[in-house]
Structure formats: C-alpha cells, structure tokens
Amino acid sequence: MNAAPPVQEPPPSRKPDRKDFRDFLSTSDEQGGRRWLYPRKPRGRFYQRRICLSWLLLGILFAVPFIKINGNPMLMLNVVARRFSILGRIFWPQDMALLAIALLLYFTGIMIFTAAYGRLWCGWVCPQTLFMEMVFRRIEYGIEGDSRAQRALAAAPWTARKTGIKLAKHALFFGLSFVISNLLLAYVIGIDQLLAIVTDSPARHLEGLAYLLAFTGVFYAIFARFREQACTFICPYGRFQSTVLDENTVAVAYDYKRGEQRAGLARRQSPAQRRQDGKGDCVDCGCCVAVCPTGIDIRNGNQMECVNCTACIDACDGVMDKLRRPRGLIRYASLNGIERGEPFRFTPRMGVYAAVLSVLMGLFLFLVLTRPNVEATFLRAPGALFERTPDGNLVNLYTVQLVNKTSRPVPVQLRLEGIPGKISIMGDPALIVPGEQLAETSVLIELAPALLKNGPKKFDVGVYSQGRRLQTVHTTFIGPRD
Ligand code: SF4
Ligand code: SF4
C-alpha cells in the first residue's frame with residue numbers, strides 16, 4: 001500500500017470541509033479584507049496541454065496586428081475613429097447593423113458553447129487567464145518559487161534579498177504590462193500608427209503615449225494585484241454563465257458519488273476496507289484546493305468563481321495515481337453524468353440557442369452579401385433654406401457623404417429619380433471616391449416650383465457608377481410655404 005501523498009495545509013478559510021462556503025469569498029477574510037492566494041503550481045496532462053495552447057494563442061495574439069490583407073489590418077477595432085477592419089475588409093459606422101449582428105452572433109455562440117461545455121473559454125482561451133496563469137503566474141513561480149516559498153517570502157521581514165526579489169518581479173510585471181498595452185493599442189489604432197508613436201519623438205505623440213502609460217498601469221494593477229478578482233467581480237461572462245449552465249452542462253466537476261464519504265487515508269487501509277467502512281475515494285488531502293487560482297473547493301459543487309482551469313483535475317489525478325485509484329475523481333462531467341451516468345446530450349435549450357444562432361448567421365450573411373460597395377448619406381445642408389434662380393426655379397443645397405467600402409477608386413454619378421429637375425455637384429463634377437475612403441461634397445438640386453404646391457417634396461436620388469445603380473437615397477426638397 002502506498003503512503004498518503006504529501007498534504008499542504010490550506011489556510012483556515014480555505015478548509016475544504018466548511019459548509020458555509022456560499023456565505024464567504026475564498027479571497028476575503030472575516031473582516032472583508034483581501035486574502036492573498038498562493039496557488040500551488042499545477043502539474044499534469046491538462047496543464048501541459050494548456051501551456052501548449054497558450055503559446056499558440058499568444059503567438060496568434062501578437063502576430064495578428066502585423067498581418068495585412070489587401071493592405072488593411074487583418075483585425076483593427078478603432079472605436080475612437082469608428083473605423084473597423086476585419087479580415088482586411090473595412091467597416092464604417094454605416095455598417096453598425098452588421099457589427100451589432102456580428103456581436104450578437106458572437107454572444108449567442110458563446111451561450112451555446114457555455115450551455116454545452118461550461119466555461120471552456122475561461123480556462124483555455126480567455127486572454128485574462130492566458131496572461132495571468134501562463135505568463136505572470138509562471139514568472140512568479142520562476143522568481144519566488146512555488147506556493148510554500150511564496151508564503152514564506154511574504155511572511156519574511158524586508159531584507160535586501162526580499163527587496164531584490166520583489167523589485168525584479170514587479171519590474172518584469174511592469175515591462176510586460178507595457179508590452180500588453182502596446183499590443184492592445186495595435187488592435188485599436190493599427191500597427192503603423194503604433195510604430196509611429198513608439199519610434200517618433202514623444203513630444204509629437206503625447207496623447208498616444210498617455211494612453212499607453214494609462215493602459216500599462218491598468219494591466220499592471222490587474223496582473224500584479226487584482227488577479228482572480230477580475231474574473232470574480234468584473235467579468236460579466238462569469239456572472240452570466242450561471243444562468244446558462246444546467247445539469248447537462250459539461251464542466252470541471254467533482255464526482256461526489258465516488259468521492260464521498262471523504263476521509264483521510266488510514267495507514268495500511270486497502271481500498272476494499274475503505275469502501276466497507278463507507279468511505280469514498282476522496283482522501284481529503286486538499287490538493288485540489290491548494291492549486292486553485294480562485295481559492296475555491298470544487299467539491300462544494302459548481303461555483304461562480306470556477307474558471308474551469310483544470311488545475312484541480314491534474315492535482316486530484318496526481319493523488320489518485322499515487323493511491324493507485326482510477327483518475328477522474330475530478331473531471332469534465334455534467335451533473336447528470338455524475339448522478340446517473342448519462343452521456344452528453346444535446347438538450348432542447350441548446351436547440352433553441354442553435355436556432356437563434358442559425359437565424360442570426362443567415363441575417364449576417366445576407367447583410368454581408370448585399371452590402372453596397374458605396375454608401376451615400378444625403379442631407380440638406382444645415383441652416384440653408386432655398387433659393388430662386390433667375391428663371392423662377394427653386395434650389396436646395398445638400399451635403400453628400402460617400403463611403404467607398406472597396407479598395408479601388410469608384411467614380412460616382414448622381415441622378416434624380418422619377419422627377420424632372422437638375423442635379424449638379426459643386427466643384428469638380430467628376431466625383432471619384434478613393435478606395436476605403438470617405439468623400440464629402442455639396443450638391444445643388446433645382447426643381448420647378450409647381451412640384452411643391454403640396455408642400456415639401458419627397459423624392460429619390462440614384463447613386464450610379466459607370467451606368468450601374470449602386471444605391472437609391474431618399475431626401476426632401478423645401479420651398480416657399482404659399
Ligand atoms: S478531491 Fe482529490 S485532490 Fe481534492 S481532496 Fe479529494 S482526493 Fe484530494
Ligand atoms: S475549481 Fe478547479 S477548475 Fe475551477 S478554478 Fe479552481 S482549480 Fe480551476
């Protein structure tokens with residue numbers, strides 16, 4: 001018989017057998033102050049897979065701002081200038097409906113995914129978890145050591161050694177936060193503008209530098225101090241997931257049927273004797289709690305704080321290996337899977353979500369495929385009324401904005417539709433809208449007064465390019481009241 005695995009005593013508020021776990025936060029003490037967590041470094045097959053995936057995802061995250069398609073960023077979300085580039089295609093504020101549906105698609109997709117597989121996103125893909133657990137935490141393990149060494153260092157008096165270690169760690173954290181801040185800005189303003197800010201004289205980019213430093217401060221605060229609190233208190237997804245999960249959702253779960261009645265391992269007690277004594281496979285070692293980056297005890301059931309990072313699976317599998325018991329006391333499983341041994345099934349609720357997703361997908365494709373290449377906005381010039389020409393006709397002044405969503409220049413002509421009159425572009429009459437640019441011009445429309453005898457006249461203007469109508473815009477012509 002193997003000896004019991006080494007047990008690290010959890011701090012009092014993290015004792016796994018507390019029944020009032022829903023009444024307190026694992027990260028706060030009785031006075032409401034912050035209880036700092038020192039999660040033990042995970043080891044195991046899931047952790048190794050997460051490391052590999054993290055390297056891949058971080059590589060993609062840092063590479064994407066440098067990738068251009070048709071000369072445009074692969075992904076740029078400039079919310080300040082309201083200019084977006086997705087897969088090299090430029091989207092304008094006029095495409096807001098498209099972006100709104102894309103966001104709805106994204107959130108519906110996440111809902112379906114969460115209903116089926118829980119918070120897989122949080123544990124494996126979320127940038128917060130990637131940076132926190134796979135970059136900052138690993139640097140901390142490298143500099144300060146594992147959980148026990150970190151605790152000892154925190155409790156030790158301030159010596160030159162401790163000051164040096166802390167300074168080195170926080171200097172690295174700050175430098176990394178600066179890099180992440182640059183990365184974020186690259187996604188907002190594009191890599192070209194970011195390089196201009198970084199390489200040019202700082203005096204010429206004070207605003208950009210101020211943003212860089214502000215974001216650096218925010219990231220440093222999150223990764224050095226705030227940590228798991230971001231997932232527990234700030235992330236809306238963590239809160240919302242509890243409304244989506246049900247008994248068929250597959251998530252990181254403790255098999256209480258196999259694990260209970262939990263009890264420490266008695267010397268020379270065989271598994272058969274243990275079962276005869278009514279004891280389960282959980283030896284109450286606390287290893288699953290000791291590795292948890294949010295400080296919870298998964299044996300209490302699914303909890304809002306759990307980011308499904310799988311660290312407790314690895315920890316418990318390690319214990320089961322040592323005890324020569326089957327792995328999977330903590331594993332990916334649904335409540336029905338644990339209670340009744342049911343395999344994963346596609347529930348009616350998931351079916352409804354999937355139907356909504358299909359409708360949104362269809363709408364999105366329709367809008368993308370029918371999206372006009374040139375979009376015109378036709379507005380009467382602000383403050384301008386009407387004028388009379390020497391031959392008695394009436395003239396209104398309009399401001400026209402034309403957005404070219406293609407990468408090539410588009411020559412544009414304007415025609416009155418179904419109404420006699422004259423339309424003339426002020427300035428150069430050969431209106432050419434450069435690729436992926438916005439052109440603005442003024443237009444005069446001249447109509448006979450007889451057309452306005454019933455009040456302001458509503459009519460259409462056709463936007464043409466090389467004889468092909470691109471769009472029809474509706475507008476109004478005003479004249480004298482009598
Ligand atoms: S579930 Fe596994 S890791 Fe957690 S206390 Fe029980 S035996 Fe230990
Ligand atoms: S309970 Fe397990 S899966 Fe959930 S956050 Fe803690 S260690 Fe990760």
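Helices here are DSSP runs of H or I with at least four residues, strands are DSSP runs of E with at least two, and both are numbered from the N terminus.

Before we go on, a word about what you are looking at. This is a predicted model, in which local features need pLDDT of at least 70 and side-chain atom pairs count only at pLDDT 80 or more, while totals for chains, interfaces and linings use all residues. Residues are numbered from 1 along each chain as its sequence is written, and chains are lettered from A and ligands numbered from 1 in the order in which they are written.

Back to α6. In this helix F173, S177, I180, S181, L185, A186 and I189 are buried; a residue is called buried if 20 or more other C-beta atoms lie within 10 Å of its own, exposed if 12 or fewer, and partly exposed in between, with C-beta atoms placed from the backbone. The buried residues of α6 pack against β3 (75-78), α4, α7 (191-199) and α8. Here two residues are in contact if their C-beta atoms, placed from the backbone, lie within 7 Å. After α6 comes G190, with a positive phi near 95°.

Which residues of α8 are buried? They are T216, F219, Y220 and F223. These four cover an arc of only 105° around the axis, so they sit on the same side of α8; the arc is that of the directions from the helix axis to the C-beta atoms. Packing of the buried residues of α8 is against α4 (127-144) and α6 (160-189). On the face turned away from the buried side you will find the exposed residues L206, E207, A210, A214 and R225. Just after the helix, R227 takes a positive phi of about 50°.

A224 also lies in helix α8. With 17 other C-beta atoms within 10 Å, A224 is partly exposed. Leaving aside neighbours within four places in sequence, A224 is in contact with H170 and F173. From A224, look across to E260: the two are 36 residues apart along the chain, and their C-alpha atoms are separated by 37 Å. E260 is joined to Q261 by a cis peptide bond, with omega about 0°. Q261 is found in the loop between α11 (256-259) and α12 (271-276).

Now for the nonpolar interior. In soluble globular proteins, nonpolar side chains tend to be buried together. A nonpolar core is a set of buried Ala, Val, Leu, Ile, Met, Phe, Trp, Tyr and Cys residues joined through C-beta atoms within 7 Å. The largest one in this model has 37 residues, and those with the most contacts inside it are C288, C312, C316 and I330. Two or more residues each come from α2 (96-117), β6 (251-254), α13 (287-290), α14 (311-323) and β7 (330-333). The most, seven residues, come from α14. Not counting residues up to four places away in sequence, C288 touches I298, C312, A315, C316 and I330. Apart from this core lies another, of 16 residues, among them Y398, V400, V412 and L414.

The ligands come next. A residue counts as near a molecule if its C-beta atom, placed from the backbone, lies within 6 Å of it. Which residues come nearest to ligand 1? Of the 15 around it, they are C282, C285, C287, C288 and C316. The largest share of this shell, three residues, comes from α14. Around ligand 2 there are 14 residues, with C292, I298, C306, C309 and C312 coming nearest.

Finally, look at T310, in the loop between α13 and α14. T310 is not a glycine, yet its phi is positive, near 75°. Is T310 buried or exposed? With 24 other C-beta atoms within 10 Å, T310 is buried.
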